[in-house]
Amino acid sequence: MRALQGLPGPRAPSLPLLLLCFLAAVRRSVEHGLSTAAPFTSLPVQEEITMTKYSNLSLESHNISVTAAPFTSLPVQEEITTTKYSNLSLESHNISMTAMPMKENNKGNQICVDRGIMLQRNVTLEHSNMTVEKNITLERPSNVELTCQFTTSGDLNSVNVTWKKGDTLLEDNYLVNATGSILYTQYRVTVIDSKQMGSYSCFFGEKKQQKGTFNLKVPEINGKNKPLITYVGDSVVLMCKCQDCLPLNWTWYSVNGSVQVPIGVPVNDKYVISGKHANETSLKIMQLSEDDQGTYWCHAIFELGESEGHVELVVLSYLVPLKAFGAIVAEVVLLVTIILLFEMYTQKKKKPSDDGKEFEQGEELKLDDSNGIENSGPRHRKNESVGQ
Amino acid sequence: MALLANILAWEIPWTVGPGPISSVLVNKYGSRPVVMVGGLLCCLGMVSASYSTNVVELYLTMGFICGLGLAFNLQPALTIVGKYFYKKRPVANGLAMAGSPVFLSTLAPFNQFLFNTYGWKGSFMILGGLLLNCCVAGALMRPVEPKASTESKNKVGVRETDSSMEKRPKKLSIWEKINKYLDFSLFKHRGFLIYLSGNVIMFLGFFAPVIFLAPYAKDKGIDEYSAAFLLSVMAFVDMFARPSVGLIANSKLIRPRIQYFFSFAVMFTGICHLLCPLAEDYTSLVVYAVFFGLGFGSVSSVLFETLMDLVGAQRFSSAVGLVTVVECCPVLLGPPLAGKLVDETGQYKYMYLACGAIVVLASVWLLIGNAINYRLLAREKKKNIHTKESQETEPLKTSQSPNVNIKSGETETWKGTEVNPSERETNI
């Protein structure tokens with residue numbers, strides 16, 4: 001769909017600053033742009049991000065709204081509302097909006113607002129970048145709709161709107177619509193393979209550009225963060241899984257030097273690749289040896305690209321803990337020997353004069369406290385016990 | 001995971017179950033050999049666990065062998081404290097019991113480190129080696145009196161013991177033969193029965209709050225690490241509480257009334273649990289953990305001291321064997337029942353209230369029981385003083401340490417002419 005509506009043009013000679021805008025041509029994205037907002041008042045920026053999603057093949061639409069608002073440099077407020085609805089959903093897409101983009105959005109919220117006075121504009125230039133980002137996870141081919149909203153109290157027609165994929169300017173497939181004080185622009189793309197994945201950005205304005213970015217990515221794979229410790233001769237199972245995704249295929253690679261070598265290509269007994277569910281894969285390695293140590297990568301292949309995770313394997317030989325164990329055993333044996341020798345030595349010393357010394361501690365206590373011999377005593381005494 | 005919990009759960013009875021076995025062995029062979037064998041068994045169990053390939057083997061090695069070894073360590077260690085010390089026995093008991101929280105707090109991060117460096121196999125092996133240090137502890141347990149010296153010149157008392165024993169008929173009934181090894185006649189001992197019953201009630205609600213502290217904190221919305229930190233706080237306070245409470249228990253004021261002190265310590269712990277549901281945020285939970293550590297420590301430190309106090313060092317080894325085997329039921333049943341209560345009501349606070357109520361009930365029972373016991377003992381002692389005046393008294397008997405109070409001993413000990421340290425203990 002192509003529509004170019006209401007392209008902001010240098011229409012209002014009364015806004016001298018807007019003369020600085022030139023029409024959309026190849027434009028290098030300059031984030032430290034010059035201000036293009038309305039002159040008199042400094043506009044605080046307010047942002048809204050709304051996302052609507054609906055799918056027929058599967059159509060997803062995502063909105064970023066970028067708003068310029070008056071006066072002092074206000075921290076930007078963001079609202080994010082998501083609405084999802086599907087008519088013919090063939091599959092369910094979970095757009096994982098992680099906290100990360102939120103924070104990044106907050107970063108971009110530090111809008112240093114244009115004070116509107118020409119003199120000051122130069123001063124505030126370096127603060128005028130404004131970036132809002134959103135990560136979108138795509139697994140299957142879909143129609144994707146990206147919408148940016150721009151709110152300003154100035155003249156909407158004078159605001160220049162462009163779309164870029166990465167650094168490449170996009171010429172068509174987007175429409176611009178102005179309603180009241182909100183400027184909408186929407187970009188549609190049909191994502192079929194990995195070529196259409198990437199970062200799409202909408203730009204408002206010329207010099208002082210407000211930018212919103214959509215990052216289209218394949219789902220992430222979780223391997224394991226901590227290394228797995230195993231021993232020579234053991235077998236181990238390495239697992240990779242992704243949250244809610246169904247890859248077409250899984251492959252495993254081991255790293256040899258800096259080259260990834262596929263595993264299991266000549267099918268042998270040592271490696272068994274299997275997976276209980278589609279969203280996980282496991283690699284079972286038997287008869288581990290120290291050569292098997294290292295990092296293993298699992299690749300998940302989607303129609304729209306590849307994603308990978310990694311697991312680190314450490315193979316120790318039995319000698320490693322055995323050394324520690326041996327050290328402890330040696331220490332124990334040493335201590336026991338010392339103690340027993342010391343005891344024999346002091347007893348030999350005691351022998352000649354053992355009368356008085358036997359009753360050192362709580363003398364009466366020790367008298368017939370020897371462990372086995374006098375036990376018959378209390379038993380006998382018990383026989384006479386009157387009872388309690 | 002459930003299987004693992006089962007293994008650990010089954011290990012506990014194997015630690016306390018073989019109590020009577022080790023009591024018998026201690027009675028026969030003394031503390032030192034039993035502890036050294038126990039240490040070797042523990043090490044063997046752990047090392048063979050590291051080579052196990054399935055859960056059953058793990059159960060056999062860690063559960064059975066290791067549990068047996070640990071039981072062989074527990075009994076003699078407690079017994080030997082009673083044999084070495086008298087005047088400062090409460091302090092000694094407190095210090096001896098202080099070992100557990102020290103290792104509880106250090107072993108958790110240490111285990112993590114071992115696991116990350118050596119994997120589980122290596123960790124088991126190294127832990128087995130560490131358990132071998134029990135043998136060092138056993139080597140230190142010098143037999144109180146080497147057998148040779150009984151033939152050497154002794155003070156009067158022992159000679160009289162021998163001579164009086166010879167006068168008795170040599171024939172022993174079956175029951176007496178059994179009692180030689182394991183003193184079942186303790187079940188006729190009033191103080192012992194009060195202690196046992198009170199403890200059984202107490203242990204029903206004693207361990208569950210410890211086990212559920214971290215889940216309770218997580219349930220309140222506290223993150224994992226802070227919740228685990230609560231346990232560390234408790235262990236840390238426990239570490240210092242045990243010896244200090246031992247010191248307090250040793251004082252002239254408390255020691256004669258150490259049974260009351262024990263009941264009050266139990267009551268303090270119970271009240272802590274009852275007040276726990278009031279703790280809503282993290283700070284108040286930390287305060288609860290501190291007080292709980294205090295309570296737990298004070299109960300643990302005088303737990304065996306009171307038993308020694310009641311039955312005397314001589315019969316202590318059998319007593320502790322019997323006590324542990326009977327107590328193993330409530331210890332096992334308590335946490336699962338508490339867990340069931342949590343599942344049924346959906347809230348932890350009822351579990352804490354129930355545990356607190358049970359523990360307070362146990363303390364009241366102990367208090368009343370011991371009050372009665374003390375009265376009866378005082379009465380018996382008065383009776384004995386009258387009868388004793390007509391008998392000769394050995395000098396040794398009268399030379400009691402000042403800390404020992406004047407309350408009477410068990411009837412039987414005064415009747416006999418033998419000098420026996422147990423009589424002094426039962427005096428209290």
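1. A disulfide is here a pair of cysteine sulfur atoms within 2.5 Å. In general, a disulfide is a covalent bond between the sulfur atoms of two cysteines.

2. This is a predicted model, in which local features need pLDDT of at least 70 and side-chain atom pairs count only at pLDDT 80 or more, while totals for chains, interfaces and linings use all residues; side-chain values use heavy atoms, without hydrogens and water. Residues are numbered from 1 along each chain as its sequence is written, and chains are lettered from A and ligands numbered from 1 in the order in which they are written.

3. By the distance rule there are three disulfides over all chains. With bonded cysteines counted along the chain, those of chain A follow the pattern 1-2, 3-6, 4-5.

4. C148(A) is bonded to C202(A), with an S to S distance of 1.8 Å. The torsion about this S-S bond, between C148(A) and C202(A), is about -95°, so the disulfide is left-handed. The pair links distant parts of the chain, 54 residues apart: C148(A) belongs to strand β5 (residues 142–151) of chain A and C202(A) to strand β10 (residues 198–204) of chain A. Strands (E, at least two residues) are DSSP runs, numbered from the N terminus. C148(A) and C202(A) are both buried, where buried means under 20% relative accessible area, exposed over 50%, and partly exposed in between (1.4 Å probe, protein chains only).

5. The sulfur atoms of C240(A) and C298(A) are 1.8 Å apart and form a disulfide. Because C240(A) sits in strand β13 (residues 236–241) of chain A and C298(A) in strand β18 (residues 294–302) of chain A, the pair ties together parts that are 58 residues apart in sequence. The S-S torsion of C240(A) and C298(A) is about -85°, so this disulfide is left-handed. Both cysteines, C240(A) and C298(A), are buried.

6. C242(A) and C245(A) also form a disulfide, with sulfur atoms 1.5 Å apart. Its torsion about the S-S bond of C242(A) and C245(A) is about -70°, so it is left-handed. C242(A) and C245(A) are both buried.

7. C43(B) is in no disulfide, and the nearest cysteine sulfur, that of C135(B), lies 7.8 Å away. C43(B) has 9% relative accessibility, so it counts as buried.

8. C328(B) is likewise in no disulfide; the nearest cysteine sulfur belongs to C329(B), 4.9 Å away. With a relative accessible area of 11%, C328(B) is buried.

Technical notes:
Helix = DSSP H or I, 4+ residues; strand = E, 2+ residues; numbered from the N terminus.
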